[in-house]
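Dear colleague,

Please find the structure below, together with a short account of what a computed analysis of it returned.

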Amino acid sequence: MNRNRRFAILSLSIFLAGGLAVFGQAPAAKAAAYRNPAEIGAAMKALAGKYPALARLETIGKSAGGREIPILRLAGGGKVEGRPAVLVSANLEGGHVIGTEAALRLAEKLLAGYAQDKKIAALLDARTIYIAPLLNPDGTEAFFGAVKTGRFGNGRPVDEDADGAVDEDGFEDLNKDGKITQMRVKDPEGRWIPDPKEPRLMRLADSKKGEKGIYKIYSEGIDNDGDREYNEDPAGGVLPNRNFPHDFEYLVKTAGLYPASEPESVALLKFMDGHQEIALVLNFSSENTILNQQQTAQAKAGGDKVRVPKDLAQYVGLDPEKDYTLKEVADAANAAGLGGGMTITEDMIASFLGSGPAVQIDQADQPVFEAAAKDYKDALKAAKMEGLEKHARGVGKGSFVAYAYYQFGVPVFSTDLWQIPEAKKEEPADKITADKLKDMTNDQFLALGEEKIGAFLKDAGAPPNMTAKVIMEAVKAGKLKTAQMADMMAQMPKKPGADGEDHPDAYKLQWSDTALKGAGFAAWTPFKHPQLGDVEIGGFCPCLGLNPPAAEMDAPISAHVDFYLKLMGNLPVLEISGLKAEFLGGDLYKVTAYFSNAGKWPTSTGQGRRARTAWPIRVELGLDKAQTLFSGQPTETIPVINSGETTKLEWTIRAKKGSKVTVKAWAPKLGTVQSTVVMD
Amino acid sequence: MRKKFGLSLAAGILLFAGLLGLQPAQPAAEVVLSFDHFYDNAAIGKALQDLRAAYPQLLTVQSIGKSVLGRDIWAAILNSPKTGPAERKPGYYIDGNIHGNEIQGGEVALYTVYYLLKNYGKTEFATQLLDRIVFYVVPSMNPDSRDFFINKAADPNSPRTGWVPIDDDRDGRLDEDPPEDLDGDGSITMMRKRDPLGRMKTSPDDPRLMVPVKPGEKGEWTMLGEEGIDNDGDGMINEDGPGGYDMNRNFGYNWQPEYVQGGAGPYPFAWPETVAVRDFVLAHPNIMGAQSYHNFGGMILRGPGAKNLGDYNPADIRVFEEIAKRGEKIIPGYKYTIVYKDMYTVYGGTIDFMYADLGIFCFSNELDMDPIAEMSPKKEGSEENIMDRINRQENLDEMIFRDNVEMGENFTNWKPYKHPLYGDIEIGGPRKFSSRVPPFFKLAETCHRNAAFSLYHADQMPVVGFENISVKKLDGGIYQVDFMATNAKITPTITGQAVSQKLHRPDRIIVGGKNATLLAVGEMRDRYLNQTSPVKTLKNAFDVIGGVPGRGRREYRMLVKGSGSITLTFDSLKGGFAEKTIDLN
């Protein structure tokens, strides 16, 4: 174990060449280093040990590879059971280790702040905060492995090429540089060429531009099983963050055989199902759902309307040729007595007609997400991190975040913490382009001067005999007009390296060159491959872009921890804001109760109500034996209370003067509130 | 129609009796099972253990897991050891009773095991079947509800669920308000109360029946619902009974959450019974065909359960159809039905998981048809008013059936009862065995015909052979060996689904023999022009991509270097094993 560690440190320091922090060993030190699963486990244990009254270390299960999945439960004074909770989840993807560090930092801030910060104390006294920083320990272990493969699947063996043998053809680090990069081979069927602007990067040849492919590209390795495919069945298995049940990709091997097929996702799903008091999920992964609100599946046009089959339509009195909302159909069905005493709900109609799941953010929830997005962008601006928006990735198919919103039905926020910064492009203001040429007069063109015109012709790929002098003479003689030149320019094939689009990964390479002193990219180097012959090995380090250099992780973590703490403060707060008893005469009293939401967010999400996983508020009137209810229900439900709003419920009861009545309001995600009123 | 019914019943009874009568040699411990009653889970376990003792070579019995309440989920594995290990044979899987009240699948499955064991070595069909195919049988997937349905007070439609407590009415309490058998007749029947404003009135034709009141007419009865009391004082009766979910919506393929598919649970395979069955099926990847018994209605179902992920592979559909059409003849009255199209939408059902994720040809039979419907043939093609349907003659026929055929066993006459909330009421109505399960005198026929269908289906599992072999000597010690891999049965050696979705390993032909080397192989395109298409040559083997079609063949030409003889082995995950020695000289 030690020897591998040392080798890991060695290869990691080669990777982080040039003055970046060497991999630390002491978990207690405020190290500028990412910690592996063993160190994370130790750190969590230490935290729980340091704050025994507030923190408890638990495990939610084991990974496919047999590793524990740890979770910290943070709760302040008072009864813990039944209080609303928050889940902070991180690094389901395995390689997003900055997420792990951020989750732990958040735990540390809460625990250290309890004694000093009133807000934090109030938060921890009222709510339980669950922190799960290491949800894919197999994948994270792979991240810290001696050879960087860029794969963070769990430890389940998967026969990816369906040939009967499992994991028989994995990657090989042929050039022993500690990372699995690519191999490029010259091949008549090759479709790849070096990018004209940045030849280290590969792009597909575009036949429309007259480009012809040169290379085939493989991942680094040999053909272990002789099937002429390379590395098509490597070890490490399924990606847990694609294994959740919303918009699951069926029949894709890396997503798993079926939703919840993997122990990591089962552990988390079991945990969620067993903790219905979780009212908010704050996630760290490569998904930044606050900046990119695009959903994975498209709603059908008019998706919420359905058509009723003929004989059912006739029975309930609807038109089989018209579209109705689910509510309209349910109301018609109930009016026709279809249920025979049982109330037909919209879900039953949806179920019977085979309507599918929700795929768009519910209209009722959009204001919450929009307000959060605004606050988040302000926070990013203050931290000078606006660059996060450009390459923000939205929610993924089958991801935990998608399940948490669409099926578990709570507000969910996911951030990626950091992206490779893209340097701003400097365009020389006086560069001549075809468009500018069109608008220029002949005189303006000539006024540019021979040098500029010469450079322009060279850039435009003009043939060598077409010098600036020749062109200027032609324009002077009236033989050539600027507009004609503009057209000709547009027609001509571009000279390699001429004004064209940057390779989409060019900004990554640029950052690797400057910030990492080139360590993020392996230069193409010849290699003699046992099967393919002469190849070149090179390409991006597979882990590039997932996390910032360890020395730079503090600022993004800090900004996001503060923002997530702020979000936790928005949770709804159920209150009985008023309770009175009014004497009506005789032994009759009218009891009126007012229920309010003192928090910023509604008491449940629209999607949670649609999925029926966010229960309505249940109100119970507690009477003693001598009291009887005259009008009103002993139990009532309130579907939702928006922020700052109040709902009123009334009962008329017969009771003795001086007796008491209790009103209790409860929902799994809101906790219980209770109040008593005396009849006088 | 009545005549035919009588004839087939007689034939069924005769065949059944004959089956028991044909006993040339009595084994030391003879097991006699009868199919005129229902077996609870312990009885199933005992019957299987008794059979195991009588047929130790052919039968293995194991518990594949425990239910929520700790009952064993029994499985039987039938394999003929003299023809090789189970893994090398196509497997046929049968289960029943995933819905707790749909019990007769348990008897059908048990009958199938019993029939095979009794007739192996006696009839040609049973002997060759058990020699070729290995059977995996789970008679009851939901033993907790099975036992409750058989031994306690239930109604024909429940309990369907498993027994994890669920807060159905969301009041913070679990399973606190189940139905009660107030009159102690062993079933949950109905409660009614005399009410001049009620919507029902006594039927003029039979005082035990009620008909809806016409507008303006005086009422007599209000229906109060199923027998029970308000246990939790919330003003509702029987709103939170045991469990409250549907295990046949909890499987992994095309699973949808509760609000889309009621009963589906919090995530796939959330309960011990569904986990046990899943793991048992996954442990036997040689399973190629399957049957999952339900009730009710007389249907031979195939998936998909929903249309959002598309229909099954067209080549596979043809196989399903041919087998199902024969099934319609074996079980007259049963109709071949496609779930999403002809029935209703089912997300996360067992049969979709088996077909789409595992590449198994899986049917689901909805057992039994309404014996009362046979008494008065329905007028086909007439658009009936719903109200007329309720008043139909059939209701009177039902009482004739209950009185004169069942002789009162399945109907409780209305009797007064003092209800704590409603006061003077009456309790009565059809009992738990009155519908969905067959009357005892019909159970044997249900068992035999459905067993016969699934054994027919099992018999159509692939059988591969090597035929039309010719050897031609070429120069340099190289031989050209032509052959056909043939499949005599309707089922291909691999489903189209498994091929297109790469679900599992393809079939492989392995060349063996001392000094034998496979140099090249091509698939025959034109024998006369000697044209072959290239086939990727592995080390002395090649894959039969796409398998051998049902009643089809794949033709190959190999170039081998060798001497003496070579062996050809067909090695398929689900399509079985075949071997042939070829003399090169």
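**Second largest cavity**

The second largest cavity has a lining of 15 residues, and A:Thr289, A:Gln295, A:Ile361, A:Val401 and A:Val412 are the ones nearest its centre. A cavity here is a set of points on a 1 Å grid over the protein atoms alone where a 1.4 Å probe fits but cannot get out, and lining residues have an atom within 4 Å of a point. The model is predicted: local features need pLDDT of at least 70 and side-chain atom pairs pLDDT 80 or more, while totals for chains, interfaces and linings use all residues. Residues are numbered from 1 along each chain as its sequence is written, chains are lettered from A in the order in which they are written, and side-chain values use heavy atoms, without hydrogens and water.

This cavity holds about 170 Å³ of space (the volume filled by probe spheres set on the points, which are joined across faces, edges and corners). Its lining takes four residues from α11(A), the largest contribution; helices (H or I, at least four residues) and strands (E, at least two) are DSSP runs numbered from the N terminus.

**Interface of chains A and B**

Contact (heavy atoms within 4.5 Å) involves 39 residues of chain A and 41 residues of chain B. Between chain A and chain B, about 3,400 Å² is buried, 55% of it from carbon and sulfur atoms; this is accessible area (1.4 Å probe) lost on putting the two parts together, summed over both. On the chain A side, A:Tyr250, A:Leu251 and A:Tyr258 lose the most area to chain B, together 19% of what that side buries.

Kind regards

How values were computed:
1 Å grid on protein atoms, 1.4 Å probe; cavity = no way out; pocket = protein on both sides within 12 Å on 5 of 7 lines; lining within 4 Å.
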